[in-house]
Amino acid sequence: MAGAALWYPEGPAHINNIAVPIALFPAIWAVLFFYLMLDKKLGRAWTVALVLLAVHTGLIGHHFYEVEAAKKSQAAAVQAEPAK
Amino acid sequence: MIELSKGRTKELLAIHGWSGVFLGLLLYVVILTGSIAVFEREISQWSAPLSHPTYQLPATGMDGALRKATDAVDPKFHEDIFFFSDAAGRIRMFLHMHDKKDGKPEDRGVEFDIDPKTMAVLDRREGWGEDIQEHNMPKALADFFVELHVSLHLPDPWGLLLTGVLGLAMLVAAVTGFLVHRHLIRELFTLRRKKDVLLTRRDAHVVAGTWNLPFSFILAFTGSYFSFASAFAIPAMAMVAFGGDQEKLFETVIGAPAVENKTPSTFGDIDKMIADVRSRSGAEPGFVSIEHFGRADAQVTISTLPPEGKMVGQTYLYKGDTAGFIQQKPALGVVPSLGNDLFVLMAPLHFGNFAGLWSKVAWFALGFAGAYVTLTGMLLWTTRRADQPGWAKLARASYWVGYGLPLALAAVPLARFIAPLLDLNIRSTQNWTFIAVALLASIVALLVRDLHALRRLLLGGTGVALLLMPLLRWLSGGPSWAMAFDTGLTTVIAFDITLIVAGVLCVLSARRVVPMATAATLKVQAA
């Protein structure tokens, strides 16, 4: 759900990427739950769950990395300003 | 008819049963208290009525009350002000600043209870937002039921997480309950009353559950949304999208923040803004929020109650300094969006407050049916396995919770009326009474071996407690029926009559001899 904030379209009000995943959280969970409970092939169910987890963890990690990098470059720019 | 293979039906039936058994008793607590909490407003009007009932913002006088309140508090609490007609009929006005308590965002300020007719200040409370509500006595009784429903009186976020999980379990039970019906239409009407009593009981569970399926799904979905949103989803979203800044998230999602201008300025006439909303919307203004009172960038947001024939209200923005209309906007964002549509639907669907008293009565009845389905499901499931020691204990626990919980809940209003007479704190007396009666019921459940006698005893006790409520309300200083009739306090009379009827039904039901289900008979039926 949290990862969806990074890929779900913002829409005209620029809030859909935040509001929609929060509102649909029970549905997201239920779809995953029923799929994992009812898939006849346990290996496939595990694979799907782990891939989804890995993709979203990766997305969030990458986002944090970019935010930190932006902060560092901003701080460096501020430090460089007085030197000019 | 839903076509499923035998194996798949068996799997779904197992998920249905186990989702109920694992969390069924707690789920029953949440559903039953939720049904009662539907009448949050009416409970407060009944337990702590004003002598002149009015449950909307007055046409004039709010502007004077607002200025009086702002003069009476530290200007730092002008940062954010909101007021609305609260559940007990008083206008609750909270002047506050956004602060942090133990590292978490929390509001701090001063709250006033204002009489909507005389505009007199009835109560003044100061401190952190949560602590202030602890001292809101007119709402104490309703808050007890709401808190038990929302978080089982457990500390945040654990209570919310637990009720969120319970909501998901209910969602699973509702979906699997729908899928395992092999003859959905037939089961809506099958109640074999003239055959075996036990068969009738099983049919009653299936009929009530089948009729209740769409409603259970809606309640489970919206309930788990409300629990998880504040306990987990909003902080998680704030962490990912805004580096953990929840205020920034709210600002972005709500939209249309004014350009910052700290220059001191006069404030426009709030009565004029409220009147303008009435004429624009044709609906009753419900919630008024003022940001930066006394500054040039002051902005007023007024949300209405749902207009006639609609499920959701509207939101209007005004400039604070001139009282000038800015725009009508969705609750979230400044232009219509799917996110806003989903967000505004959640509350009316969960609380059932979109069509006044009638929708609340419907929501109560459907919620009560949900509690009945949960309890009968637990009793059928455990009784069928009662020849095994572990299941026999769970069957006894089901009787304890199933019939002991209504008794403990019915004792709470009695404590609410007795506490002021003994000079005790109302909220803590309510909590301790509930715990004491629940413990007493557990001792009774351990001592009385015959489950049928246990049911009769607890149900009879609940009936007596319900019958005592109107009497104790009146004896503790509440209005008599004659006085309530004269002053138009119809809620008080209607609630008293409902309690008396419910009490009589409980006593009659406790007197009725019902054959007990046994593991053997239920197994024969299942076979």
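Buried area is the accessible area, taken with a 1.4 Å probe, that two parts lose on being put together, summed over both. Keep that in mind for the exercises below, which use a predicted model.

**Exercise 1.** Work out how much area chain A and chain B bury between them, and on which atoms.

*Solution.* Start with who touches whom: 30 residues of chain A are in contact with 35 residues of chain B. Next, take the area: the two chains bury about 2700 Å² between them.

**Exercise 2.** Count the salt bridges and the residue pairs in polar contact between the two chains, then describe the side of chain A that touches chain B.

*Solution.* Begin with charge pairs: the count between chain A and chain B is 0 salt bridges. Polar contacts come next, with 2 residue pairs, both residues at pLDDT 80 or more. Now look for the elements of chain A that give two or more residues to this side: helix 1 (4-7), helix 2 (16-23), helix 3 (25-38) and helix 4 (42-83). Of these, helix 3 of chain A gives the largest share, 9 residues. Sorted by class, this side of chain A has 26 nonpolar, 3 polar and 1 charged residues.

**Exercise 3.** Find the sense in which strand 7 and strand 8 of chain B pair, and inspect their hairpin.

*Solution.* First locate strand 7 (residues 315-319) and strand 8 (residues 325-329) of chain B, which pair in the antiparallel sense over 4 bridges. Then check one position: Thr315(B) stands opposite Lys329(B) in strand 8 of chain B. Last, go to the 5 residues between the strands, where Ala323(B) takes a positive phi near 65°.

How values were computed:
Residues numbered from 1 in each chain as written. Chains lettered and ligands numbered in written order. Predicted model: local features only at pLDDT ≥ 70, side-chain atom pairs only at ≥ 80, totals over all residues. Heavy atoms only, no water. Contact = heavy atoms within 4.5 Å. Salt bridge = Lys/Arg side-chain N within 4 Å of Asp/Glu carboxyl O. Polar contact = N/O pair within 3.5 Å; in protein donor to acceptor, adjacent residues only side chain to side chain. Nonpolar A, V, L, I, M, F, W, Y, C, P; charged D, E, K, R; others polar. Pairing = 2+ DSSP bridges.
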